[in-house]
Every structure is written in structure tokens, then in C-alpha cells.
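Hi,

Here is the structure I promised to pass on to you. Have a look at it first, and then read my notes below.

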Amino acid sequence: KGLKKMHGITLTSAPSDWEILQQTDKKATVTLKGSFQVHPAAIQVGVDYVTPIARVMREDDNMTVIPWTKADHFTCDDQFRGTFDITLTLPAGGPYRIDTSLETKSTIPDLTWLYRGDCVLHLGVGNLFIIAGQSNSAGYSRDFCADAPSMDVHLYRNRSRWDIASHPMNESTFAGSLANEEMGVPGVSPYLSFGKTYAKMTGMPVGLIQTSLGGSPMERWNPKDGDLYQNMIDKIHQTGGHYAGILWYQGCSDTNPEPAAQYFEHFRDYVEAVRAELGYQIPVFTMQLNRQINGINDECWGMVRDAQAKAAEKIPGVSILTTTNLSLCDGIHNTAQANVALGEKLAKQCAEVLNGAEEYQPPKLVTIERTDEAEQKAFQLEGSKIWLKLTFEHVKNCFLVYSAVGKDSGFTLTDQDGEVEILHIRGNRENKNHLYLELSREVADEALLSFAWQADPVKQPPVDEVTFMPILSFYQKKIILK
């Protein structure tokens, strides 16, 4: 207010500095609108005509990406003032600079000026992701690690401004009264590492829209009246409405009996509502819960993890990663190093799902069978000779089993006579997608098997030797042995 109106081009509608535009077929369109006026000194000399123009430059070497291009439409009065609009199609990549100028032809022969114009800086064309969930999504790592900012990863902060992405993601400076204003001080999140890795894998920058909040239960993500859900929808509409995916990590606040029993339904309602709002089947990438040291309600933790696995199986377009081998910096939050590793894993899974890259999924239990004497002999299964064979999918090579002792396996088995003690766990390279459990007694034909289900489950679960992902947790899986 009160500033002198500048000559040349003034933009009234344009992308923001640092913004990432969602690519489609490796390109995106931008529309610039603005006003212009010729410098008074030029009018005194004499003006023949004016034309608003724009170009796109690559910021890392100042090379031209789109040369000077005339406005699609513009109006001009007798004082050489007017308005214009222009639409440009940018290739995937960046960071770009958009320059504008007012090309002015003087009445003096061979005299043409390019008057100044507003610029858009650090613009990228790549992939947008919404960050949603609670503290391990917002990033609460208390320790440190090397995870520097990159020009390839930009962040739409709580202040409703685009910026270069850096930790902490969920700081609320200048945010005003927001639904997701953190009470504490957030730390390192998984998603800067994710963005850098995914940008490297795809050759395109990444834009992150932060909406997660520490301690938030599913109730606050309820599509009907959840304040965090509405805040997320507001951010969606502020940043364009089309995204590559949602990055969801939540559930610790729902490990009480009632919300745990309803977790699958509530999460499904959330996914369906977001997709209805956006008008397309946006992919959703989820995490199974890690752990809470000295946590309570073991059964509820098992129920939530099981619901998360069920969501990836039953809801189209939902993927899942396991986290139970990640280290903690306190009783419940991942370390900075663990979050960096998790971000890299998530990028690999996104590259598979969104770009057709190599499969990157956690091992998942498929079948459970009794072993016969021939198989026990072939794989040197000794001891009591009461063994179960577990068959998994998504195993790259074989399992790393850190301890052969049954109590360290992470598996629990019960039948009609109570708990069945697991004596040993075995894996081998010859039969890579199998694990064998040695039992203390015969098991009834119908039984319940669980894995890594407690609040604080096995510290060193069996992992795929290539991906180092633990087995997908499950709770009281009904098995029928024949």
C-alpha cells in the first residue's frame, strides 16, 4: 500500500516462489496474469506498440528453457497500459525462473526496449505428496543426523508459503491459529530423505505439503468433523488439488480398545473421503506402527497393526511399509537416522508403485503348513521334529534370522489348549521364502498365529536379506492345519 506503481510487467496471478507443480506426462502448464505500463520517458520519446512477453530459464546454468513468448491475450489503452495473460507448458525439472518483460517498439527506427518485469523464482515441475498422520510423520526425532536441504525438495509450510524443505517440517512460525499447531518442538522427519531419494530416482523435484500433527488420533482425521482432516483439505485446495500420493504414518493414539477395534473402518473412511474430494484414486502410502517401550494394551497394538496390513490388502491403491526394526530416540519416536532410512525405503516403494521400478514390499505371510519327515530331513530340521513351515511372498533372497531362539522370534501361537511354546526359528537359502518354527508340542488343527503384535514387540525381527524390511505384522491370524 502506498508504493509507487512500477513500469513494465506486474504479475497479479502466478505460481509462488519455490512452488512445485504436479507433472502429468512429465510436463505442467502455468498461467500468468498481470498488468503493464510503459515508462513515461518512453511515451515522451514516442511508442509504436507494446507486447507483454515471458520466458522460462533454468536456474542452475541460466540456459533458456522456453524463449521469449508473446502473451496469449492482452489489452492496451492510449497510455500504453493494460492487462494480459499467458499460458506456458514447462517440462519436468527445475528449479526454473520465469521472467516477464514488456517489449516496447519506439517510433524511433530500430529502437526496441525490453522493460523490466516481475519474476517467479525456484519453480519446479515434479511430484507433490501430502504428509499426514501423527508425530512420527510430523517428525519428532530428538537426535541428529546428516540430512541437508536440497533444491530438489520444496515444502508448503504451515505459514501457507512454499519454501525449500528443511527440518523441522512442522514448525508453526507465522502460522496463526492452525488445527495442526504443534505443542512441542518437532525434529527430523522421514520425508526430506524421501523427497531427495525419490527426486534422484525419477529425475524430477518433489513438493511436500505438511498436514500431520503429533499425538493426533483418527478422530481428528474424521471426514465428517475432524479439524485435521479439514485443515488437510484446505491445504490441498491451496496447492493445486492434484498429487502423486498421500504419505500416512499414524495409529499410536488409537491403541485403546474402542478405536483399535474400529481402526480399519475409520482409515477406509478417510481414504474414500479424500479420493471423493479430489475426484481421483490418489495412491496412499502407509506405515505399520513401530513400538512403544513399556507400552500397554498389547492386544490393541496388535489390532491396529493388523488393521493397517488389512488396509493395504483390502483397499485398492494403498501400500504399506514395516517399521519394527527402526531404532527409537525416546519411548515412541524414531531416531533421526531411522527416519532417514525410512524415507529412503518409502521412496523405493513409491518408485515401484508410481513408476514401475523394482518391487519393494515387506515380506507377507501366505500359508502355514506342517512339515513332513522328508522336508525335515532335506532342510536338517532337528530337535523335537514338530515343525511348521511358513511361506511368504515379496522375499528377495532369504531371511536374516538374528536369533534362532523361539522366544526371540516374534511369533506367538495358541490353540484350544493354550499357548504353544516356540522353541526355535530357522530359515535357509535353499528355500528362500520360508521360515520354520519348531514347536514344543503338537498343535491342534485350528490355531491362532501372531507376529510382532505387542506394544513393544521383538527387537530384531527376521528381515529380508536384500531390503532389510521386517515381516508384515499380523495379529491372531486363524490358521487351519491339515
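Helices and strands here are DSSP runs, numbered from the N terminus. Please keep in mind that this is a predicted model.

You will find Asn-334 in the loop between strand 16 (318–321) and helix 8 (336–355). Is Asn-334 buried or exposed? Its relative accessible area is 0%, and buried means under 20%, so Asn-334 counts as buried. The side chain of Asn-334 also makes a polar contact with the side chain of Tyr-249, at 3.4 Å. Beyond its neighbours within four places in sequence, Asn-334 is in contact with several residues, including Asn-136, Ser-141, Asn-290, Cys-329 and Leu-342.

Next comes helix 3, which covers residues 191–202. Its twelve residues reach 16 Å from the first C-alpha to the last, close to the 16 Å expected. Helix 3 is mostly covered, with nine of its twelve residues buried; among them are Tyr-191, Phe-194, Gly-195 and Tyr-198.

Finally, the largest pocket holds about 410 Å³ of space. It is lined by 20 residues, and the closest to its centre are Asp-306, Ala-309, Lys-310, Glu-313 and Phe-474. Which element gives the largest share of this lining? That is helix 7, with seven residues. By class, the lining has eleven nonpolar, two polar and seven charged residues.

Enjoy exploring!

Best wishes

Definitions and conventions. Residues are numbered from 1 along each chain as its sequence is written. This is a predicted model: local features need pLDDT of at least 70, side-chain atom pairs count only at pLDDT 80 or more; totals for chains, interfaces and linings use all residues. Side-chain values use heavy atoms; hydrogens and water are left out. Helices (H or I, at least four residues) and strands (E, at least two) are DSSP runs, numbered from the N terminus. Buried means under 20% relative accessible area, exposed over 50%, partly exposed in between (1.4 Å probe, protein chains only). A polar contact is a pair of N or O atoms within 3.5 Å; within protein, one must be able to donate a hydrogen and the other to accept it, and residues adjacent in sequence count only if both atoms are side-chain atoms. Contact means heavy atoms within 4.5 Å. The expected span of a helix is 1.5 Å times one less than its number of residues. On a 1 Å grid over the protein atoms alone, a cavity is a set of points where a 1.4 Å probe fits but cannot get out, and a pocket is an open set with protein on both sides within 12 Å along at least five of seven lines; lining residues have an atom within 4 Å of a point. Grid points are joined across faces, edges and corners, and a volume is the space filled by probe spheres set on the points. Ala, Val, Leu, Ile, Met, Phe, Trp, Tyr, Cys and Pro count as nonpolar, Asp, Glu, Lys and Arg as charged, and the others, Gly among them, as polar.
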